[in-house]
Amino acid sequence: MLLTHLTCTSCGLRHDWKKLHNLCIACQKPLVAIYDLENIRLVLTREGLTARRGKSLWRFHEVLPLPPNTEPVSLGEGGTPLLWAKRFGKKCGMENLWIKDESQNPTQSFKARGMSVAVSMAKYLGATKLAVPSAGNAGGALAAYAARAGLEAHVFMPRDTPRANIIECRELGADVTLVDGLITDCGAELAKRKEAEGWFEMSTLKEPYRLEGKKTLGYELAEQLNWQLPEAILYPTGGGTGLIGMWKAFDEMEALGWIDRKRPRMFSVQASGCAPIVNAFEKGETSAPEFPKAHTIASGLRVPKAIADFLMLKILRESKGGAVAIDDEQMIRTTRELGSTEGLFVAPEGAACFAALKSLLEAKQISPDEQVVVFNTGSGIKYLDCYEEGTR
Ligand SMILES: Cc1ncc(COP(=O)(O)O)c(C=O)c1O
Ligand SMILES: [Zn+2]
């Protein structure tokens with residue numbers, strides 16, 4: 001077994017991976033999985049990543065937590081295309097712009113990656129009832145993977161979550177509770193009930209393995225770019241698992257001897273109506289206070305307070321990247337611009353990143369001759385209600 005233990009991201013306390021864990025038992029901060037990379041280096045090489053391993057993220061199983069010879073709970077997640085954005089790029093004066101299109105995952109978002117790994121581990125470690133607060137896409141993904149694993153899913157969503165997410169969860173057999181409030185209120189409601197109900201909590205970064213699924217974004221990107229990371233990455237940031245996961249993947253790949261020390265500048269993109277990380281970044285703070293009266297159509301970005309705020313801010317600074325807020329109107333406008341030039345109906349979270357690219361080019365924080373990767377984390381199809389409103 002190449003997973004050795006879980007470690008606390010704040011106090012460093014070691015936790016046994018063979019038990020179900022949420023936060024650090026000493027300081028209540030997120031735990032992350034630690035592997036024996038020296039030994040993985042001996043058994044897994046870049047050349048060993050052949051087509052025979054299939055396209056799904058489980059092709060990287062040596063750097064994933066599930067013990068060997070255990071069947072993962074899978075729906076074919078990962079292996080998404082990295083598309084050259086030739087036409088949109090040209091409009092921005094760029095020749096080297098790429099889109100990692102995560103809408104092509106099961107349940108149409110990148111949340112499938114995290115849930116495939118987290119549900120596989122929860123099942124392996126004996127959980128039977130899984131619960132999550134969700135802005136929308138994570139709930140759909142949990143519902144799907146729990147159904148596939150034969151486990152119960154309990155999803156807490158804000159009442160104004162896009163209808164498609166709510167319907168999807170129900171049709172996938174989840175027990176859905178609609179909460180008058182934000183994802184933070186959903187989390188509080190779940191926390192009140194979980195002990196009595198015997199639920200295992202699967203919230204973003206309050207459970208260590210969704211991050212492991214998300215980190216495969218970084219492994220795939222490096223593989224698709226022939227082990228040369230791009231100069232900048234734009235990522236729509238709510239809870240931050242994608243950002244933190246990719247950064248972890250880069251460190252692991254360096255330890256494996258797969259990439260050098262060069263890192264992309266990481267840019268977090270948020271909504272003007274909910275931009276706690278952008279505000280904290282601009283003020284030079286190391287944590288982000290709760291954003292008051294959070295509102296945006298990009299439901300995945302409606303996260304007023306994230307438990308891993310300190311990790312995100314550290315990465316943005318270490319990478320010499322930044323943080324940008326985009327308003328809802330810009331997201332709506334950019335969706336059509338991207339759709340009509342590149343043929344992808346992106347989620348508003350993805351559209352926000354393309355709008356942010358333009359601001360960063362204007363501000364000369366990104367130069368048009370650089371290689372840039374933008375993440376489209378979901379599909380616009382899930383957000384029809386927002387787009388109808390936006391065009392009325
Ligand atoms: C489409 C989409 N993009 C981005 C995010 C933010 O994700 P993360 O937790 O990785 O910051 C979400 C989260 O719900 C989402 O659904
Ligand atoms: Zn701790």
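## Ligand 1 and its polar contacts

A polar backbone atom of Gly 242 lies 3.1 Å from an oxygen atom of ligand 1, a polar contact being a pair of N or O atoms within 3.5 Å. The model is predicted, so local features need pLDDT of at least 70 and side-chain atom pairs count only at pLDDT 80 or more, while totals for chains, interfaces and linings use all residues. Side-chain values use heavy atoms, without hydrogens and water.

The side chain of Tyr 235 places an N or O atom 3.2 Å from an oxygen atom of the ligand. A nitrogen atom of ligand 1 is 2.6 Å from a polar side-chain atom of Thr 377. Ligand 1 exposes 400 Å² when taken alone, and the protein buries 97% of that (Shrake-Rupley method, 1.4 Å probe).

## The surrounding shell

Ligand 1 is surrounded by 16 residues, the closest being Lys 111, Asn 137, Gly 238, Gly 240 and Thr 377; a residue is near a molecule if one of its heavy atoms lies within 4 Å of it. At least two residues of this shell come from each of strand E10 (232-236) and helix H8 (241-255), where helices (at least four residues) and strands (at least two) are DSSP runs.

## Aromatic pairs

There are nine aromatic pairs in the structure, with ring centres within 6.5 Å. Tyr 219 and Trp 258 form an edge-to-face pair, 5.9 Å centre to centre with 85 degrees between the planes (over 60 counts as edge-to-face). Because Tyr 219 belongs to helix H7 (residues 209-224) and Trp 258 to the loop between H8 and strand E11 (265-271), the pair ties together parts 39 residues apart in sequence.

Conventions:
Residues numbered from 1 in each chain as written. Chains lettered and ligands numbered in written order. Polar contact = N/O pair within 3.5 Å; in protein donor to acceptor, adjacent residues only side chain to side chain. Phe/Tyr/Trp six-rings, centres within 6.5 Å; stacked < 30°, edge-to-face > 60°.
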